[in-house]
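Please read them with the model open beside you.

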Amino acid sequence: MVAPRLVQEVFTEFAADVRWGLTKPGQKEIPSKYLYDEVGSALFEVITVLPEYGLFRADERLLRQNAEAISAKLSPRPLVAVELGSGSGRKTRWMLEALARRQPTVYHPIEISSKALDQCSRELGRLHNVEVRPVQQPYLAGLLSVAAARQPHEQLLVLFLGSTIGNFNSSAAERFLADVRQALTAGDALLLSADLEKPAAQLLPAYDDPLGVTASFNLNVLARMNRELEAEFDLSTFRHLARYNAAERRIEMHLLSTRAQSVPIPRAGCSASFVEGETIWTESSHKYCPREVIEMGRRSGFRPLRQWIDPEWPFAQTLFLAE
Ligand code: TRP
């Protein structure tokens, strides 16, 4: 009896968020965390190898080039690395190898997707001097449980890579960093990645690739509602839309209904009605300038140690110490 009830509860949170987001007045929305079910996580892994999605490779290049320098800035104490949203863990390998050359390293990938955690443990589980201990929880809850179990002599290094910080709006991003700081002790470190402003002509294809992988990734949230909530979305009547909002400096991702329609979503206890051209907002990706990242960290209780920028695809990694 326990298992079906658990399944029911998971559906209920998704159902409640869908019901709220698709029936409220004004802009419809679905929180972006629902993009990452098993299918969505797999599609995102494909996005990371697309030539148009330069962010991932910029992040990886920076890690490869600077992992030694980052590791040299940390104390020689035993190190606990915590990664918020590890995905497959592919680019983290460079960091862990550099850390493990200096000291035994415990690595906690934090992920809500169990598939991504399995893949990450496989990818990084055999590195010399590294012990992988996966945590299947939301970012902050996972970080708090790692922090609660730490030994006083250990240093924590939080890795927040990719462009997830850009998926928060500016005030939420700062609040999130302040929450991360709260979980840490003075002297702990944070390595924060952020995608930088660049011409829309370079940015847009990263979020609307010609092969249609990003479109599938976005549309999958409709398919997920069909699978899990018995919804009746006809995917051929929606299309992926990515636009650059220059005033807000962010890419905005939507799903656009190409016709007027009403879609039953039985397990959310509602229908979603669309006029022709109406959209569901699924995610925004804010683009920063380098100074902004430093200032945001400062205001959240961190001291910036160094920032590295990739010249090929403007992208920043900033290393902070908790004050
Ligand atoms: N964090 C990623 C980003 O902002 C997520 C992402 C990439 C994404 N492509 C997407 C989200 C397409 C929704 C739709 O770059």
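1. Thr-12 counts as partly exposed, because its relative accessibility is 43%, which falls between the 20% and 50% limits of that class. The residue is part of helix H1, which covers residues 2–23. Please bear in mind here, and in every point that follows, that this is a predicted model. Although Thr-12 and Arg-267 are 255 residues apart along the chain, their C-alpha atoms are separated by 8.3 Å.

2. Thr-105, by contrast, is buried, with a relative accessible area of 2%, and it belongs to strand E3, which runs over residues 105–111. Its side chain reaches the backbone oxygen of Gln-103 at a distance of 3.0 Å.

3. On the aromatic side, the structure holds 13 aromatic pairs. In one of them, the ring centres of Phe-44 and Tyr-53 are 6.0 Å apart and the planes meet at 85°, so the pair is edge-to-face, given that an angle over 60 degrees is what this class requires. The two partners fall into separate accessibility classes: Phe-44 is partly exposed at 23% relative accessibility, whereas Tyr-53 is buried with a relative accessible area of 7%.

4. Phe-238 and Phe-274 form another edge-to-face pair, because their ring centres lie 5.2 Å apart and their planes stand at 80°. Since Phe-238 lies in strand E8 (residues 238–245) and Phe-274 in strand E11 (residues 270–274), the pair ties together parts that are 36 residues apart in sequence. Phe-238 is buried, with a relative accessible area of 4%, and Phe-274 is likewise buried, also with a value of 4%.

5. Ring pairs also join residues into a cluster, whose members are Tyr-36, Phe-44, Tyr-53, Tyr-207 and Phe-217. Two of these names, Tyr-53 and Tyr-207, return in the list of residues closest to the ligand.

6. Two arginines deserve a look alongside the ring pairs. The charged end of Arg-64 sits over the ring of Trp-94, at 5.5 Å from the ring centre. Arg-224 lies over the face of Phe-14, and here the distance to the ring centre is 4.6 Å.

7. Which residues are closest to the ligand? Of the 13 residues that surround the ligand, the closest are Tyr-53, Asn-167, Tyr-207, Glu-283 and Ser-285. The shell divides into 8 nonpolar, 4 polar and 1 charged residues, and helix H9 (213–229) and strand E12 (279–286) each supply at least two residues to it.

8. Several polar distances to the ligand can be checked directly. An N or O atom in the side chain of Tyr-53 is 2.6 Å from an oxygen atom of the ligand, while a polar side-chain atom of Ser-285 lies 2.8 Å from an oxygen atom of the ligand.

Note on methods
Residues numbered from 1 in each chain as written. Predicted model: local features only at pLDDT ≥ 70, side-chain atom pairs only at ≥ 80, totals over all residues. Heavy atoms only, no water. Phe/Tyr/Trp six-rings, centres within 6.5 Å; stacked < 30°, edge-to-face > 60°. Buried < 20%, exposed > 50% of the residue type's maximum accessible area, 1.4 Å probe, protein only. Helix = DSSP H or I, 4+ residues; strand = E, 2+ residues; numbered from the N terminus. Lys NZ or Arg CZ within 6 Å of the ring centre and 35° of its normal. Near = heavy atom within 4 Å. Polar contact = N/O pair within 3.5 Å; in protein donor to acceptor, adjacent residues only side chain to side chain. Nonpolar A, V, L, I, M, F, W, Y, C, P; charged D, E, K, R; others polar.
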